[in-house]
Amino acid sequence: MEGYQPAYGINAASDCGGPQCQSHPDYCFLCSFEPEPSAAGTDDDLYQTIVDLVSDLAQQEKELPQIVNVVYMTYLKNVQPHLVWENPATGCTVTAPAWCKESIRRHLIHSNQFKFFPSIVRNIFHSIVVKQNECMMDKATTMVVDEHRKAFIETIDAYRKFETWASARGASKGK
Ligand SMILES: [Zn+2]
């Protein structure tokens with residue numbers, strides 16, 4: 001299998017290069033700390049602060065880059081100064097570990113803790129539809145280019161199927 005790697009690494013010991021936090025050496029706050037409801041007033045409240053913030057912004061359907069920025073600033077100001085983290089790879093203790101935007105983005109998309117996948121796919125569809133519209137007509141003849149029209153209809157058809165799947169998935173989870 002030389003020259004290949006998994007799309008999503010599931011072996012902690014050998015897989016790297018996957019998209020998720022585990023495959024990257026960067027510090028991730030949500031992977032490094034656990035919520036412990038019994039220990040109110042400690043780091044665990046900070047964990048919940050970040051989780052609630054992400055959930056609120058997602059509920060408001062804010063776009064991912066904006067959510068990453070807000071989480072980054074909130075962590076920097078309100079959470080980071082209170083943390084001490086032991087790097088499991090080196091055994092070194094890090095005071096006030098920095099959580100970079102790339103690591104935040106990676107966790108939000110790939111951790112399964114938050115459900116951003118449908119909104120990302122939706123945005124991809126929107127972008128494709130707008131691009132397909134831009135080249136739908138032949139400038140010289142002002143006629144619809146049939147090949148492009150067919151591709152556009154295919155996109156809309158796939159989008160419709162996706163939305164049916166996404167709403168059934170949402171309903172089955174009691175949303
Ligand atoms: Zn993570």
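Q: What makes up the order of elements in the protein from the N terminus on?
A: Happy to start there: from the N terminus on, the order is α-α-α-β-β-α-α-α. Helices here are DSSP runs of H or I with at least four residues, strands are runs of E with at least two, and both are numbered from the N terminus. On that basis the protein has 6 helices and 2 strands. Please keep in mind that this is a predicted model, in which local features need pLDDT of at least 70, side-chain atom pairs count only at pLDDT 80 or more, and totals for chains, interfaces and linings use all residues. Residues are numbered from 1 along each chain as its sequence is written.

Q: Why is Ala96 called exposed?
A: Ala96 has 12 C-beta neighbours inside 10 Å, so Ala96 counts as exposed. Ala96 sits in the loop between β2 (93-95) and α4. Its phi is positive, about 50°, although Ala96 is not a glycine.

Q: Which residues of helix α4 (residues 101-110) are buried?
A: In α4 the buried residues are Ser103, Ile104, Arg106, His107 and Leu108. Across the protein, buried residues make up 9% of the 175 residues.

Q: What makes up the largest nonpolar core?
A: A nonpolar core is a set of buried Ala, Val, Leu, Ile, Met, Phe, Trp, Tyr and Cys residues joined through C-beta atoms within 7 Å. The largest one has 12 residues in all, including Phe29, Ile50, Val68, Trp99, Ile104 and Leu108. The elements giving two or more residues to this core are α1 (29-32), α2 (43-59), α3 (64-79) and α4. Of these, α3 gives the most, with 5 residues.

Q: Which residues is Val68 in contact with, leaving aside its neighbours within four places in sequence?
A: Two residues are in contact if their C-beta atoms, placed from the backbone, lie within 7 Å. With those neighbours set aside, Val68 is in contact with Lys101, Ile104, Arg105 and Leu108. In the protein, among contacts between residues at least 6 apart in sequence, 50% join residues at least 24 apart.

Terms used. A residue is buried if 20 or more other C-beta atoms lie within 10 Å of its own, exposed if 12 or fewer, and partly exposed in between; C-beta atoms are placed from the backbone.
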